[in-house]
Amino acid sequence: TTVHWEVAHDAQFARVVQRGDALATPDWGNSVHVALNGLDADRWYYYRFSCLGQVSTTGRTRTAPAAGTLAARLRLVYASCQRWEHGYYAAWRHARQDDPDLVVFVGDYMYEYASPKANAQDASTQAKNQAQLAQMARLQPLPYPRTLQDYRDRYALHKSDGDLQAMHAHCPWLMTWDDHEVENDYVGNNGVGDV
C-alpha cells in the first residue's frame, strides 16, 4: 500500500518542506520508514501521513542542533517500565504538558507476560490469577508472545492508549529496549519465560 507523507514548518501544512510516497509492506508490519535529508538544524517540524483517503494525526519532531553547537534549551522526559494492564497512562498526559523536546525511553516499553498467566492448572494458581486480575486497571487479552506477529500485536495494544499516542505525536523519542521487549531476563538466546 502506498502511503503519502508530508513534513512542514507549520501544523496547518501551509509551508510544506518535503513530501513523498512510501510503501507500507507486510514485512515491516504495514508501516513506513522515511529518512529525510536537508532539514534545518535545531528546529521543530510537523508531519503527517495519508493513505486510502485517511489522514493521520499531526505529529511534530525536532531536528538536532548543528554539529559542534548546543541547543539553547533541552527539556527531557526520562521513562521506563510501563505495563499496559497495570494502569492508564495519565503520566504521559502530564509529561506532555511539560512540553519536552525529547522523550528518552530506556526500556520495558511493554511486558510480554500473559494476564492472567497461561495454562493455570491448579486451584492455587487460578486463585493467584484471580487476585492478579482484581488489581489490574485493564485486562490485557493477548497470549504470551512467541512470534513476530505476537510482538507486533502487543505493541499495538500498548500504543492504543490515547495519552501515549499523544505523547508520541508531541515530540521525538529516543528508544532502547530492555529484557521485557524480548523475554524476561534474557541473555543471548537464553531467557526465563513466564508461560
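Colleague: Is C81 buried, partly exposed or exposed?

Modeller: Buried means under 20% relative accessible area and exposed over 50%, with partly exposed in between (1.4 Å probe, protein chains only). C81 is partly exposed, its relative accessible area being 43%, whereas C171 is buried at 2%. This is a predicted model, in which local features need pLDDT of at least 70 and side-chain atom pairs count only at pLDDT 80 or more, while totals for chains, interfaces and linings use all residues. Residues are numbered from 1 along each chain as its sequence is written, and side-chain values use heavy atoms, with hydrogens and water left out.

Colleague: How many disulfides does the structure hold?

Modeller: A disulfide is a covalent bond between the sulfur atoms of two cysteines. Taking a disulfide as a pair of cysteine sulfur atoms within 2.5 Å, the structure holds zero.

Colleague: Where is the place of D161, and which residues does D161 touch?

Modeller: Helices are DSSP runs of H or I with at least four residues, numbered from the N terminus, and D161 sits in the loop between α3 (148–158) and α4 (162–170). D161 is buried, with a relative accessible area of 6%. With contact meaning heavy atoms within 4.5 Å, D161 touches W84, Y88, Y89 and R138, leaving aside residues up to four places away in sequence.

Note on methods:
Helices (H or I, at least four residues) and strands (E, at least two) are DSSP runs, numbered from the N terminus.
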